[in-house]
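Here are my notes for someone opening this entry for the first time. Keep the viewer at hand and go through the points in order.

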Amino acid sequence: MTMTTSAADPHTVRRALEGARPFPFWLDSPQAPEPAPAFEGSGRCDLAVVGGGLTGVWTALLAKERDPARDVVLLEADRVGGQASGRNGGFCMATLTHGYGNGLDHFPDELDLLERLGLENLDEIERAVTRYDIDCDWRRVGEIDVAVAPWQVDELAEGRDEMLAAGERVQWFDGPAMRAEIASPTYLAGLWSQDGCAMVDPARLTWGVARAAAGLGARICEHTRVTAIEPDGAEIVLRTRHGALRARRVMLATNVFADLLGAMRRRVVPVYDYALMTEPLSDAQWADIGWRGHQGVSDAGNRFHYYRRTADGRILWGGYDAVYHFGRAIRPEYERRRATFVKLAGQFLATFPQLEGVRFTHAWAGAIDTCTRLCQFWGQAYEGRVAYALGYTGMGVGEARFGALVGLDLLDGVANERTRLKLTSTRPLPWPPEPLCAGVVGLTSWSLGRADAHGGRRNLWLRTLDRVGLGFDS
Ligand SMILES: Cc1cc2nc3c(=O)[nH]c(=O)nc-3n(C[C@H](O)[C@H](O)[C@H](O)COP(=O)(O)OP(=O)(O)OC[C@H]3O[C@@H](n4cnc5c(N)ncnc54)[C@H](O)[C@@H]3O)c2cc1C
């Protein structure tokens with residue numbers, strides 16, 4: 001990251017992190033529901049959903065909305081919303097392609113349609129929040145990309161021109177206007193995309209969608225890990241530690257955590273993304289910062305921060321480091337990476353020096369299902385009786401509903417404008433096996449940091465990846 005201010009004092013950073021709980025802020029909520037009973041014994045259903053993140057709970061809800069008579073059971077290994085869906089920044093984006101630029105690279109011929117479907121998807125999420133009275137601090141306030149280095153001003157201006165040409169509603173802030181909107185000495189310009197993003201409490205959204213699905217008759221089972229999946233005649237059997245569930249159709253919504261088919265693992269790698277939450281700021285501190293619009297903010301570097309206000313007056317600050325562990329390893333201890341929290345806290349205080357003395361109350365991480373085209377893909381197995389959706393690469397809060405919608409289309413054998421898309425009918429190139437995979441991710445991450453430090457100039461490695469259409473991002 002390029003900053004115009006000097007780095008924060010290490011002692012101040014250490015003090016700011018003292019006492020921060022290593023637990024996701026959103027999950028540390030009095031509104032967290034009581035655990036649902038585990039699945040035990042044997043049973044049968046029309047549709048089994050494996051995984052209770054946003055992809056899983058939207059699948060359950062949409063399935064019941066489409067066909068109220070369909071018997072739907074959702075099996076979650078731990079708690080609904082306990083992984084990425086309850087740990088994220090809460091930027092609920094319209095884009096289905098990880099942004100307009102990535103969409104243009106991969107799906108230029110259908111991008112207009114994808115943009116429309118993405119906005120419709122966001123509108124439908126908003127309607128569901130209202131219809132089911134989901135209390136999740138939903139705000140359709142948009143997102144501001146801020147430039148914190150001169151080269152980023154040019155890139156943002158290019159993005160503005162493309163978005164205006166595509167008919168999107170955007171507002172440009174020059175340096176003084178941006179700093180008047182949100183007071184950081186690091187800002188050189190800003191681009192506010194007004195329609196394409198809502199801010200939300202993601203855990204409460206996930207719990208709310210699950211509750212709505214249960215209200216329509218879906219059975220939600222927590223603490224129920226599916227350990228194996230096998231076909232048996234016309235049915236699919238899902239084995240759990242204490243039972244077996246037979247289903248006519250199965251939607252796998254397990255993100256990067258389980259590969260029950262042996263087909264998903266090569267196309268996604270788990271990349272850890274980290275976040276901090278401040279204590280509630282005082283009125284005087286908010287008066288120093290402004291930010292009355294509650295927009296989500298991201299800086300425009302390759303390795304970027306995302307940040308936002310919460311309903312109770314805190315700031316969530318995350319991103320920048322994107323950490324991969326050899327062998328696609330996922331372990332709880334990776335969520336407590338002191339070096340990253342120190343780096344993030346220092347960068348926060350450099351962005352908002354007027355907040356010196358503020359404390360962080362929560363510091364956490366989550367695994368992101370990163371694929372080489374940076375946006376979701378789908379697959380099927382066992383003659384179309386099993387489907388899956390994943391690969392959101394850090395942008396699944398909004399996309400997950402679309403993932404569920406297309407997953408159901410595939411399971412129901414429906415052909416429509418969604419299933420005919422190149423987006424939904426192709427898959428990203430797989431990641432290479434180890435040790436190459438760790439080398440590719442490491443070199444790409446290092447090159448992105450170097451590009452940020454050198455006026456955005458991309459080295460030979462990044463230019464080669466650009467040419468073959470491969471990406472890496474948090
Ligand atoms: C720190 C962080 C910040 C992010 N910020 C944003 C953001 O601001 N905006 C955005 O759009 N995206 C963001 N993302 C990404 C977004 O959170 C994800 O793309 C999205 O939540 C994915 O939802 P999911 O349902 O596919 O996966 P998950 O929420 O991970 O759910 C998968 C579920 O499957 C369960 N499961 C796994 N294996 C089994 C099994 N064998 N049996 C039963 N259950 C199983 C897991 O326990 C888990 O609950 C962020 C992610 C992280 C980690």
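1. Tyr320 is buried, with a relative accessible area of 13%; buried means under 20%, exposed over 50%, and partly exposed in between, using a 1.4 Å probe and protein chains only. Tyr320 sits in strand β15, residues 315-324. Helices here are DSSP runs of H or I with at least four residues, strands are runs of E with at least two, and both are numbered from the N terminus.

2. Residues are numbered from 1 along each chain as its sequence is written, and side-chain values use heavy atoms, with hydrogens and water left out.

3. How confident is the predictor? The average pLDDT (confidence in each residue, from 0 to 100) is 94 for the protein chain, and 98% of the residues score at least 70. Residues 1-5 fall below 50, and beyond near neighbours in sequence this stretch has 19 contacts in the model, a contact being heavy atoms within 4.5 Å. Where pLDDT is low, the predicted coordinates should not be read in detail.

4. Now the ligand. Which residues come nearest to the ligand? Of the 34 residues around it, these are Thr55, Glu76, Ser85, Phe91 and Asn255; a residue counts as near if one of its heavy atoms lies within 4 Å. By class, the shell has 15 nonpolar, 15 polar and four charged residues. Here Ala, Val, Leu, Ile, Met, Phe, Trp, Tyr, Cys and Pro count as nonpolar, Asp, Glu, Lys and Arg as charged, and the others, Gly among them, as polar.

5. A polar side-chain atom of Ser85 is 2.5 Å from a ligand oxygen. An N or O atom in the side chain of Asn88 is 3.1 Å from an oxygen atom of the ligand, and a polar backbone atom of Gly396 also lies 3.1 Å from a ligand oxygen. The protein buries 97% of the 1000 Å² that the ligand exposes when taken alone; these areas come from the Shrake-Rupley method with a 1.4 Å probe, and for residues only the protein chains shown count as cover. Elements giving two or more residues to the shell are α2 (54-66), β16 (360-370) and α10 (396-412).

6. Ser184 is in the loop between α6 (175-181) and β6 (189-193), and at 2% relative accessibility Ser184 counts as buried. Its side chain makes a polar contact with that of Thr186, at 2.7 Å. A polar contact is a pair of N or O atoms within 3.5 Å; within protein, one must be able to donate a hydrogen and the other to accept it, and residues adjacent in sequence count only if both atoms are side-chain atoms. Leaving out residues up to four places away in sequence, Ser184 touches Arg179, Thr351 and Phe352.

7. Some backbone geometry to check. Most residues other than glycine have a negative phi, and most peptide bonds are trans. Asp137, however, has a positive phi of about 50 degrees; Asp137 is in the loop between α4 (111-131) and β4 (143-147). Thr393 has a positive phi near 50 degrees, and is buried at 0% relative accessible area. The peptide bond from Glu434 to Pro435 is cis, with omega near 5 degrees, and Pro435 lies in the loop between α11 (422-425) and α12 (436-453).

8. Finally, buried or exposed: what is His242? His242 is exposed, with a relative accessible area of 52%, in the loop between β10 (235-240) and β11 (243-252). Not counting residues up to four places away in sequence, His242 touches Phe39, Glu40 and Gly41.

Conventions: Predicted model: local features only at pLDDT ≥ 70, side-chain atom pairs only at ≥ 80, totals over all residues. pLDDT = per-residue confidence, 0-100.
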